[in-house]
Amino acid sequence: MGHGPVSDGVRVLPPNDPRQYDDLAGEWWRPDGAFAMLHWLARARAALVPPASRPDAVLVDLGCGAGLMAPHLAGKGYRHVGVDLTRSALEQAAAHGVVTVAGDVTAVPLADGCADVVAAGEVLEHVPDWRAAVAEACRLLRPGGLLVLDTLNDTLLARLVAVELGERLPTVPRGIHDPRLFVDDRALVVECARHGVALRVRGVRPGLRATLGWLVRRTRGGAARDVTHDGPAIRPTWSTAVLYQGRGVRHG
């Protein structure tokens, strides 16, 4: 792969280019760093996962990044297996107890039905073929297994909030999203059903007052004490138009 053009000493990459995650490798676990909101979402996603119902249960974390779900799954009884393309992120995930697998979420090198839970957090909106990623997520689930996910909706409002406004904030890397890849919630429900998973979705958002306070503190140079637990809670909201969670069980 090439290194991309350089402007003022900083490599400039196309939107959604996975090489950005190598450039931002030092941000994953930094309090109030570029990936702070991913920690809030990881905490909310892990809350959808019940304690393991059997010994040796496996949770496969697609697009695991640096393993941000790991602290929130501790004690739930799962072997946490993380799949990602970015090796610099996988190295950090392994340091947090994740069993790492280098691979593409559209062609996961794991066996059919190997997972009690599959998590796909903030990954579908980064995949050129999200339907292939959904097919893989469902393939990995054993009958009765649980799929949990969150992603950005394919709406004008999501483009405005996540890209036009969000990426102008000092907390969101510029170009991290390509809005052409955002995922329509109705299409996602239909696609999961095709693969035997009855997915239910709900809109979510960070708590507004807490988020404003967090932004003010960060702008003034204050730092979170604990990147895994500080920060606004992700709350249900009436609309799926921007950010939404999904939870569903595989039949059969």
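Predicted model: local features only at pLDDT ≥ 70, side-chain atom pairs only at ≥ 80, totals over all residues.
Apart from neighbours within four places in sequence, Asp 116 is in contact with Arg 54, Ala 57, Val 58, Tyr 78, Leu 141, Arg 142, Gly 145 and Leu 146. Asp 116 belongs to strand E6, which runs over residues 115-121.

Is Asp 116 buried or exposed? Its relative accessible area is 6%, under the 20% cut-off, so Asp 116 counts as buried.

Now move to Arg 45, in helix H2 (residues 36-46). Arg 45 has 5% relative accessibility and is also classed as buried. Which side chain makes a polar contact with the side chain of Arg 45? Select Asp 150: the distance between the two side chains in this polar contact is 2.7 Å.

Beyond four places in sequence, the residues in contact with Arg 45 are Met 69, Ala 119, Gly 121, Glu 122, Val 148, Asp 150 and Gln 245. Two of these, Ala 119 and Gly 121, fall within residues 115-121, the range of strand E6.

Select the whole of H2 and colour by accessibility. How many of the 11 residues of H2 are buried? The count is 8, and the helix is mostly covered. Besides Arg 45, the buried residues of H2 are Ala 36, His 39, Trp 40, Leu 41, Ala 42, Ala 44 and Ala 46.

Finally, zoom out to the protein chain. Its secondary structure consists of 8 helices and 10 strands. The radius of gyration is 17 Å, close to the 18 Å that the globule rule gives for 252 residues, so the chain is as compact as a globular protein of that length. Computed along the principal axes, the C-alpha trace spans about 55 × 40 × 35 Å. Of the 252 residues in the protein chain, 51% are buried. Among contacts between residues at least 6 apart in sequence, 74% join residues at least 24 apart.

Terms used
Residues numbered from 1 in each chain as written. Heavy atoms only, no water. Helix = DSSP H or I, 4+ residues; strand = E, 2+ residues; numbered from the N terminus. Rg over C-alpha atoms; globule rule 2.2 N^0.38 Å. Buried < 20%, exposed > 50% of the residue type's maximum accessible area, 1.4 Å probe, protein only. Contact = heavy atoms within 4.5 Å. Polar contact = N/O pair within 3.5 Å; in protein donor to acceptor, adjacent residues only side chain to side chain.
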